[in-house]
Amino acid sequence: MEAKNVAALSGDEFNALFSPLSKRAHLIQFDASQVALDPGAAATVEKAWSDQRGASFFFVVARASTDGSAEANETLSRDRAKAVLTHLQGKFKDDDLKNQVGLLWLGEQYAQLGDEFCGWSRSRSSECTPKEINRSAFVAWI
């Protein structure tokens with residue numbers, strides 16, 4: 001799904017929608033130009049999935065930093081979102097799982113995350129820069 005079809009919000013307004021989930025959401029980080037989950041990312045996805053707390057929809061919002069072309073970054077974002085779903089399907093072998101997961105990919109031009117998201121639960125404990133935090137997928141039960 002393309003963000004421009006979701007809402008006509010500024011990046012800050014869009015990201016503010018997720019502020020109430022700051023204690024529940026996780027950021028799955030990726031290496032530059034990569035879509036594969038590393039072991040820390042896989043473990044964080046599984047931790048997020050196991051923390052349903054009565055919610056009914058697992059939301060994945062993937063991003064790319066501004067490195068490279070807009071087209072390449074949209075592809076990276078899409079493939080990062082799909083990597084989360086693929087991992088969940090492979091790990092949990094649930095035929096209904098796909099109906100519980102929503103994917104949204106934003107590319108580089110939409111809703112870049114600011115420094116305040118560095119304090120959220122992340123799959124990596126390394127230094128947090130704007131490029132690193134935006135090579136990510138936000139995951140949470142809603």
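Me: Helices (H or I, at least four residues) and strands (E, at least two) are taken as DSSP runs and numbered from the N terminus. In this predicted model, in which loop is S33 found?

Reply: The model is a predicted one, and S33 has a positive phi of about 60 degrees although it is not a glycine. The relative accessibility of S33 is 57%, so it counts as exposed, the cut-off being over 50%. As for its place in the chain, S33 is found in the loop between β1 (26–29) and α2.

Me: In what order do the elements of the chain run from the N terminus on?

Reply: The secondary structure of the chain comes to four helices and five strands. Read from the N terminus on, these elements run α-β-α-β-α-β-β-α-β.

Me: Why can the chain be called as compact as a globular protein of its length, and what is its radius of gyration?

Reply: The C-alpha atoms of the chain fill a box of roughly 35 × 30 × 30 Å, taken along the principal axes. For 142 residues the globule rule gives 14 Å, and the chain comes close to that value, so it is as compact as a globular protein of that length, with a radius of gyration of 14 Å.

Me: What share of the contacts with a separation of 6 or more is made by residues 24 or more positions apart?

Reply: As background, buried residues make up 44% of the 142 residues in the chain, while its accessible surface comes to about 7200 Å², of which 50% belongs to carbon and sulfur atoms. Among the contacts in the chain with a separation of 6 or more, the share that joins residues 24 or more positions apart is 79%.

Me: How far apart are the mean positions of the positive and the negative charges of the chain?

Reply: The chain carries 16 positive and 19 negative charges.

Me: Which residues have the most contacts inside the largest nonpolar core?

Reply: The largest nonpolar core has 21 residues, and the elements that give two or more residues to this core are α2 (39–50), β2 (58–62), α3 (70–92), β3 (101–105) and β5 (136–141). Apart from it lies another core, of 18 residues, among them L21, F59, L106 and L113. Within the largest core, the residues with the most contacts are F58, V60, V84, L88 and V101.

Me: Which residues is L88 in contact with, leaving aside its neighbours within four places in sequence?

Reply: L88 is one of the residues with the most contacts inside the largest nonpolar core. Leaving aside the neighbours of L88 within four places in sequence, and taking contact to mean heavy atoms within 4.5 Å, its partners are V45, W49, F58, K93, L97 and V101.

Me: Is K93 buried or exposed?

Reply: K93 has its place in the loop between α3 and β3, and it has a positive phi of about 45 degrees although it is not a glycine. The relative accessibility of K93 is 66%, and since the cut-off is over 50%, K93 counts as exposed.

Me: How far apart in space are K98 and F58, C-alpha to C-alpha?

Reply: Leaving aside its neighbours within four places in sequence, K98 is in contact with L85 and Q89. K98 and F58 are 40 residues apart in sequence, and from C-alpha to C-alpha their separation in space is 9.6 Å.

Me: Which residues does A41 touch, not counting residues up to four places away in sequence?

Reply: A41 is found in helix α2, and its relative accessible area is 0%, so it is buried, the cut-off being under 20%. A41 and S65 are 24 residues apart in sequence and 17 Å apart in space, C-alpha to C-alpha. Not counting residues up to four places away in sequence, A41 touches I28, Q29 and S123.

Me: What distance separates the C-alpha atoms of S125 and G40?

Reply: S125 has its place in the loop between β4 (121–122) and α4 (130–133), where it is exposed, with a relative accessible area of 78%. S125 and G40 are 85 residues apart along the chain, and their C-alpha atoms are separated by 9.6 Å.

Notes. Residues are numbered from 1 along each chain as its sequence is written. This is a predicted model: local features need pLDDT of at least 70, side-chain atom pairs count only at pLDDT 80 or more; totals for chains, interfaces and linings use all residues. Side-chain values use heavy atoms; hydrogens and water are left out. The radius of gyration is taken over C-alpha atoms; the globule rule is 2.2 Å times the number of residues to the power 0.38. Buried means under 20% relative accessible area, exposed over 50%, partly exposed in between (1.4 Å probe, protein chains only). Accessible areas come from the Shrake-Rupley method with a 1.4 Å probe; for residues, only the protein chains shown count as cover. Lys and Arg count as positive and Asp and Glu as negative; His and the chain ends are not counted. The place of a charge is taken as NZ of Lys, CZ of Arg, CG of Asp or CD of Glu. A nonpolar core is a set of buried Ala, Val, Leu, Ile, Met, Phe, Trp, Tyr and Cys residues joined through side-chain atoms within 4.5 Å.
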